[in-house]
Amino acid sequence: MTSTPARAVTLACPFYKLNPASYQSCARLKLSKISYVKQHLVRQHIVAAYCPRCLETFSSNEDFSAHFDREERCEKRSGMVEGITTTMKEQLSRRADQSASEAEQWCDIWKLLFGREPPASPYIDLDLPEEINWYNDYLFSQVPMRLSEQVVPPSVEERRELVLGTVLEVAQEWKTLWQQGRVRAI
């Protein structure tokens, strides 16, 4: 990873990079330091009390306690709650490795939150129109995720068709979101 590029960029909210469609408002932030990324995560992405078994979230600890104390046990669900848990918050509060570059520190945060490989770039390019950044980030988040869920075809030509088809599908989805007004300029 390289250090901060010289062009006009800002660090991205990791949740925006994970799912640009759901966290479009996070793309507007100017996060110039890792500490600002961490501060944003703790302020905006803390998960409410939740049941680790069924992943239901609760607006208060009292509601969670009532759920937990029910005689009927909730159904176990696989997956993760999307947000910063108490444990993650504690880990985020630790000082970052100062020998690591800004991009490497951001990638460490990504791995802590999502437990998988980070995107190609932790930045949002401020020289580009917001919609272009959103489109790029949408493609770069959705295409790899969808391809990872596919069976890899044996031939190069079939793999090429799979990749192109996936890119076209995701691009069409973004176009639909645009037409629905779910992508807006500032």
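Does N133 count as buried or exposed, and at what relative accessibility? At 9% relative accessibility, N133 counts as buried, where buried means under 20% relative accessible area, exposed over 50% and partly exposed in between, with a 1.4 Å probe and protein chains only. This residue is found in helix α6 (residues 130-148). Once neighbours within four places in sequence are set aside, the contacts of N133 are Y16, I124, D125 and L128, contact being defined as heavy atoms within 4.5 Å. A103, by comparison, is 30 residues from N133 in sequence and 18 Å from it in space, C-alpha to C-alpha.

The structure is a predicted model, in which local features need pLDDT of at least 70 and side-chain atom pairs count only at pLDDT 80 or more, while totals for chains, interfaces and linings use all residues. Residues are numbered from 1 along each chain as its sequence is written, and side-chain values use heavy atoms, leaving out hydrogens and water. The predictor's confidence in each residue, pLDDT, runs from 0 to 100; its average over the protein chain is 85, and 94% of the residues score at least 70. Confidence is highest in helix α2 (residues 34-44), with a mean of 94, and lowest in strand β2 (residues 49-50), with a mean of 79.

Turning to the overall fold, the protein chain has 7 helices and 4 strands, both taken as DSSP runs numbered from the N terminus (helices: H or I, at least four residues; strands: E, at least two). Their order from the N terminus is β-α-α-β-β-α-α-α-β-α-α. The C-alpha atoms fill a box of roughly 55 × 40 × 35 Å along the principal axes, and 39% of the 186 residues count as buried. Among contacts between residues at least 6 apart in sequence, 62% join residues at least 24 apart.

α2 and helix α5 (residues 102-114) pack at an angle of about 20 degrees, with their axes 10 Å apart. I34, V37, K38 and L41 of α2 meet E102, Q105, W106, I109 and L113 of α5.

L55 is not a glycine, yet its phi is positive, at about 70 degrees. This leucine lies in the loop between β2 and β3 (57-58).

Note on methods: Axes fitted to C-alpha atoms, helices over the stretch in contact; angles between N-to-C directions.
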